[in-house]
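Reader: Could you walk me through a few local features of this one? I'd like to start with the aromatic residues and then move on to helix packing.

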Amino acid sequence: MSQPTAKLRVLLIEDQRAQAENIWEFLEMHGQVMDHAADGQAGLQLALENDYDVIVLDLGLPRLDGVEVCRRVRAEGKATPILMLTARERLEDKLLGFEAGADDYLTKPFELRELAARVQVLHRRMQRLSPAVLMVGDLELDLANRIATRGGQQIGLSPAGFRLLEALMRKAPHVVQYNELAQALWGDPEHDPARLHTHFSLLRNAVDRGFAQPMIHTVHSFGYRLVPPAAT
Ligand code: CA
């Protein structure tokens, strides 16, 4: 039985233009939201700035090779699944990639359908490994049962509120930028900050009203962050 395919945000780091365009177009046609970098340095920067569901990473890249990109992504604590691409079927290359933190490997030339399938598999594996309940301070979000509580009291959230709170909790106490919130909410990083603000005033009401210390903080012109109440 085939599993439904999720709409994923995929970063493609590939210097060969024709190859990159093929992959980009194929995955986009299958509903993925694509970002692309043509060298290792630019790819690393995107990988660290954003939250992708999967990174497709070529091994041979200008400025910073794929193994080094992989190593630095992991060194920064990012667990984004990484699928490495290489032109050579060499065991040493694969071992080097896995050591650096790659999750899967594909040797060129490959079928685009296989690439698309592996991207989905990596994403599903990651979801299974992620915790089913997120906790920040006295706030808990049960992802499987769609229940939010603060201080043991259930909080009523709209589906939009739930997605925004999940995005905030996953990065807490770090700031989540407008484009990431728009991606979480609408599956599209293009955003209208005014619409986000409306959702956030509702979310604030649900999460912070009646509590001495608010957890949702505005980072002006940038985004929002969730901070656990200071221990007293
Ligand atoms: Ca290359």
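Author: Tyr-178, Phe-200 and Tyr-224 form one aromatic cluster, where rings of Phe, Tyr and Trp (its six-membered ring) pair if their centres lie within 6.5 Å. This is a predicted model, in which local features need pLDDT of at least 70, side-chain atom pairs count only at pLDDT 80 or more, and totals for chains, interfaces and linings use all residues. Residues are numbered from 1 along each chain as its sequence is written, and side-chain values use heavy atoms, with hydrogens and water left out.

Reader: How many aromatic pairs does the structure hold?

Author: The structure holds three aromatic pairs. One of them joins Tyr-178 and Tyr-224, with 6.4 Å from centre to centre and 70° between the planes, and it is edge-to-face (planes under 30 degrees apart count as stacked, over 60 as edge-to-face and the rest as tilted).

Reader: And where in the chain do Tyr-178 and Tyr-224 sit?

Author: Tyr-178 is in helix H7 and Tyr-224 in strand S12 (residues 223-226), so the pair links distant parts of the chain, 46 residues apart; helices (H or I, at least four residues) and strands (E, at least two) are DSSP runs, numbered from the N terminus.

Reader: Is Tyr-224 buried or exposed?

Author: Tyr-224 is buried, because its relative accessible area is 3%, and Tyr-178 counts as buried too, at 11% (buried means under 20% relative accessible area, exposed over 50%, partly exposed in between, with a 1.4 Å probe and protein chains only). The buried residues of H7 include Tyr-178, Leu-181 and Leu-185.

Reader: Switching to packing, at what angle do H6 and H7 pack?

Author: Helix H6 (residues 159-171) and helix H7 (residues 178-186) pack at about 135°, with their axes 9 Å apart; axes are lines fitted to C-alpha atoms, for helices over the stretch in contact, and angles run from 0 to 180 degrees between N-to-C directions. H6 and H7 are therefore oblique to each other (under 35 degrees is roughly parallel, over 145 roughly antiparallel, 65 to 115 roughly perpendicular and the rest oblique).

Reader: Which residues make that contact?

Author: Among them are Ala-160, Leu-164 and Leu-168 of H6, with Leu-181 and Leu-185 of H7, where contact means heavy atoms within 4.5 Å.

Reader: Last one: what does Thr-107 touch?

Author: Not counting residues up to four places away in sequence, Thr-107 touches Thr-86, Ala-87, Arg-88, Glu-89 and Lys-94. Thr-107 lies in strand S5 (residues 104-107) and is buried, with a relative accessible area of 19%.
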